[in-house]
Every structure is written in C-alpha cells, then in structure tokens.
Amino acid sequence: MNAKILETENVTVSFDGFKALNQLNFNMDVGELRVVIGPNGAGKTTFLDVITGKVQPTIGRVLFKGKNLRSLPEYEIARRGIGRKFQTPRVYLNLTPRENLEITSNRKKNVFSTLLGRSPVTEQNSVKGLLETIGLTAKADIPAALLSHGEKQRLEIGMLVGQSPDLLLVDEPVAGLTDEETYNIGELLLTLAQSHSILVIEHDMEFVRQIAKKVTVLHEGSVLCEGNFEEVQNDPRVVEVYLGQ
Ligand code: ADP
C-alpha cells in the first residue's frame, strides 16, 4: 500500500449546526496530483481550511504524513510542510520575481530542513531553478507589478515551492486567466507533480482534463465520487449535482 500524504477520517465541520463538511473521508498518496471539484457550497474552501488549521474539525481527524494535526496552529502546520496557494496572487509587487523568490526561499534554513527530514534544496528549488521552472527567467528582474495575472500566479507557486513543501494546496489557480495562461499553469503543475504531492481545487473543466489523473467530487461536504476525468464527467450523480446549481 502506498504511503499517504493526507487523510481525513470522518471530518465534520459545523457552523452553528450547518455541516460545511459532513463525515468527509478522503486520502491521497505521497507524490499524487489530485484535483477536487464540486459545485458552489460543496465545502471545497472549508476542506482546505481544515487541512491548514484555519478551522478545526468539529468531529474527526486530519492526518498529514500519518500524524494528527488536531489543535495545531496554522503556522505549525505550514512549518510541517503544507504550503497553500490562495486564489489571488500574494506576491510583493514592488519587488522583482527574483527578489520575491529570494525572500521566500528556504535555502538558509537548509540545515534545519534536513534535520527535520524535509526535502533538501535541489536544482528545482534554487532561485535560478525556480525561475526556469515557472518560466520567468526573462522577466526575473522587472517589478512583479508588470507581470500578467498568470505570471503572478506562477510566481506565487514558485514562492511556495521554494519553501520545499511536502504537500502543495492550490486553490483555483486559473480563475480569470486566458486560455494560454491557463494551459501554462497546467503544464507547470504537471512539472511540479513529478516531485511534489499536489492538491488542486478547480472549477475549469478543461483545465481539470489537462492535469488530472484522479478527481474527487465533493458535494454537501462529503465525497460524492472519485475516478479519472472521464469516469467522473460521465457519472450521472455528478451531472445531477452540477445541473442542480
Ligand atoms: P465551496 O468552497 O465549495 O464553495 P465552502 O467551503 O466555502 O464551499 O462552503 C461550504 C458551505 O459552508 C457553504 O454553504 C457556506 O455558506 C458554509 N460556510 C462556510 N464557511 C462558513 C462560516 N464561517 N460560517 C457559516 N457557514 C459557512
């Protein structure tokens, strides 16, 4: 059996009695790229919030690398190796891409990272390597404010990768992007998936088709079904919940 990077066991999150997550059982393997989809209100954001410690499960457990995250503050969960990319880019606009990567990269913490069993610095997460991976070498030294929306998204993904996360959570990375920018983000995530465990929340079905090997569909806070893109797309239950929106 493959080692699990992430597991949720019967996770319920109640807000004043309303269950945003309802006995959610989910797991993904180390090294997997998983896409989670679901109609509005399905619980996708709450799912990321409960993984990162922003909200606590009312019932159930979240396990990261086999360890229960119960009651840990967000910064401690991040320190253990979960990186979260929010929907809108959070880059320093007055700094260049190179500077953005330099101030967020963990090169200086390398010794501690190694002691903590975290991934060592590789060519891919050196600043030079990161600039190449995210396709911004030619724009490395202009202010980030001059980048397109898609380039800013790629830069922020690079900033997270520079911190050597063991699990990368990516929330709707292609909302508002052109087709070409969307495709570029997809290719970047596929490249990163060769060496990272990645969980992506996304609405754009063409994008999901491009990147997903395995898709999990959330509905009313639970897993409705899982499978490859075609299986999920043709599942009558999925068609029904999307048409019901
Ligand atoms: P999604 O990201 O799939 O659209 P969310 O996780 O944002 O879904 O929300 C799931 C459900 O939980 C929604 O009905 C939403 O209104 C509700 N919800 C989310 N956060 C809160 C909160 N802090 N208080 C009350 N209800 C919430």
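A residue counts as buried under 20% relative accessible area, as exposed over 50%, and as partly exposed in between, using a 1.4 Å probe and protein chains only. What you're looking at is a predicted model, where local features need pLDDT of at least 70 and side-chain atom pairs count only at pLDDT 80 or more, while totals for chains, interfaces and linings use all residues. Residues are numbered from 1 along each chain as its sequence is written, and side-chain values use heavy atoms, with hydrogens and water left out.

**Around the ligand**

- Helices (H or I, at least four residues) and strands (E, at least two) are DSSP runs, numbered from the N terminus.
- Ligand oxygen atoms sit 2.7 Å from an N or O atom in the T45 side chain, 2.8 Å from one in the K44 side chain, and 3.0 Å from a polar backbone atom of G43.
- On its own the ligand would expose 560 Å², and the protein buries 58% of that; these areas come from the Shrake-Rupley method with a 1.4 Å probe.

**The largest nonpolar core**

- This core has 41 residues, and L101, L155, L189, I198 and V200 touch the most other members. A nonpolar core is a set of buried Ala, Val, Leu, Ile, Met, Phe, Trp, Tyr and Cys residues joined through side-chain atoms within 4.5 Å.
- Helix α6 (residues 149-161) provides the largest share, five residues.
- Why does the core lie between domain 1 and domain 2? Domain 1 (1-81 + 168-176 + 197-245) and domain 2 (88-165) both give residues to it, so it lies between them.

- E76 is in helix α2 (residues 74-79), and it is buried, at 14% relative accessible area.
- The side chains of E76 and R79 are joined by a polar contact of 3.1 Å.
- H203 is in the loop between β8 (197-201) and α8 (205-211).
- H203 and P39 are 164 residues apart in sequence, and their C-alpha atoms are 8.2 Å apart in space.

Note on methods:
Polar contact = N/O pair within 3.5 Å; in protein donor to acceptor, adjacent residues only side chain to side chain. Domains from an automatic or database assignment.
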